[in-house]
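User: Please take a close look at the hairpin and the aromatic rings around this fold. Keep it brisk, and give the cut-off behind each term.

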Amino acid sequence: MNFCDINPFVRFAEYIYHNRPIGHSVFVKDCRIFYTISGKADIFIENQHYELVPNSLFYCAAGSVYKIQSSGARLISLNFDLTQKNNSHIEYYPRISIRKNKPVPSIDWKTVNDCEFMNSHLFLMNADDVLEPLKKILQEFSTQKMFYRENSSAILKNILVKLYRYSLANTESSATAITRVMDYIKSNYASQLNNEMLSSMSGYHEYHLNRLFVKYTGTSIHKYILNIRINEAKKMLLTTEHSLATIAENVGFNSNTHFSSYFKQVMGISPLEFRKQFKNKL
């Protein structure tokens, strides 16, 4: 679905007092927004750490796993879905504790195609302009007048628009990070590359980086690396007499078998057939 299709359903809205000095990882079944009124809290998500200070806002998508710890932060907390599909479930979804080696539950989740942060998380400092709309939602839930959930949903949609506009302002930094990763791959394709290494370089978690990579290049990081290697291998097949094993090693494949198999998958013919068919045509 696209951002314009979002019709949020607010399930829970309340002031909360968070006092858990030692946090543990939890899984959430719906989207969350935390706005810090007073005190401080630390939140850890996707190998990122954010300090929730007064007037800061944190959003995370349904299906997120995070850890929050604080010694007395007062927060506004919103739990919501992006659609009205499950609006018959009006009770609060409790967070599910995630222990080491415990599988993460599955969840019915739709990707927002044209708004990257909606699929992951967003941290915003100095989010004063969303405080009053959040308070209006809290008031709706407090008084529970007729159609209070519908009105809360309309207010929340306006808040999400504000967050979307903020995220667009950060698009340039995302593009810069992707360009930096692409340049590194082009210069180091023969090395053993992995998403964890590249994510450290970009400043994004590896899952988020891969989503950004698909957005900007149309392919995953893994396939991009393999295609760079295949292109370099084609040049070597046509300009050298190196063996397939040497070429495979020189362009970064772990084995000749993997190289030959992927080359045929991409080109439709084996490396040797490619050399035989095109070398004399240079």
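Analyst: **Hairpin and rings**

Strands β4 and β5 form a hairpin with two residues between them. In the turn, Glu46 has a positive phi of about 50 degrees. This is a predicted model: local features need pLDDT of at least 70, side-chain atom pairs count only at pLDDT 80 or more, and totals for chains, interfaces and linings use all residues. Numbering starts from 1 along each chain as its sequence is written, and side-chain values use heavy atoms, without hydrogens or water.

The two strands, β4 (residues 41-45) and β5 (residues 48-52), pair in the antiparallel sense over five bridges. Pairing requires at least two DSSP bridges between two strands. Ala41 has Leu52 in β5 as its bridge partner. Strands are DSSP runs of E with at least two residues; helices are runs of H or I with at least four, and both are numbered from the N terminus.

Now the rings. The whole structure holds 14 aromatic pairs (Phe, Tyr or the six-membered Trp ring, centres within 6.5 Å; planes under 30 degrees apart are stacked, over 60 edge-to-face, the rest tilted). Tyr50 and Phe58 make a tilted one, with 6.3 Å from centre to centre and 45 degrees between the planes. Tyr50 counts as buried because its relative accessibility is 17%. Phe58, at 0%, counts as buried too. Buried means under 20% relative accessible area, exposed over 50%, and partly exposed in between (1.4 Å probe, protein chains only). Tyr50 and Phe58 also belong to one aromatic cluster with Phe34, Tyr66 and Phe123.

Another pair, Phe259 with Phe263, is edge-to-face: 5.8 Å between centres, 65 degrees between planes. Both residues sit in helix α8 (residues 256-267), four residues apart, or about one turn of the helix.

Which residue lies over the face of Phe44? Lys67 does, at 5.2 Å from the ring centre. Arg74 places its charged end over the ring of Tyr15, 4.3 Å from the centre. Such a contact needs NZ of Lys or CZ of Arg within 6 Å of the ring centre and within 35 degrees of the ring normal.
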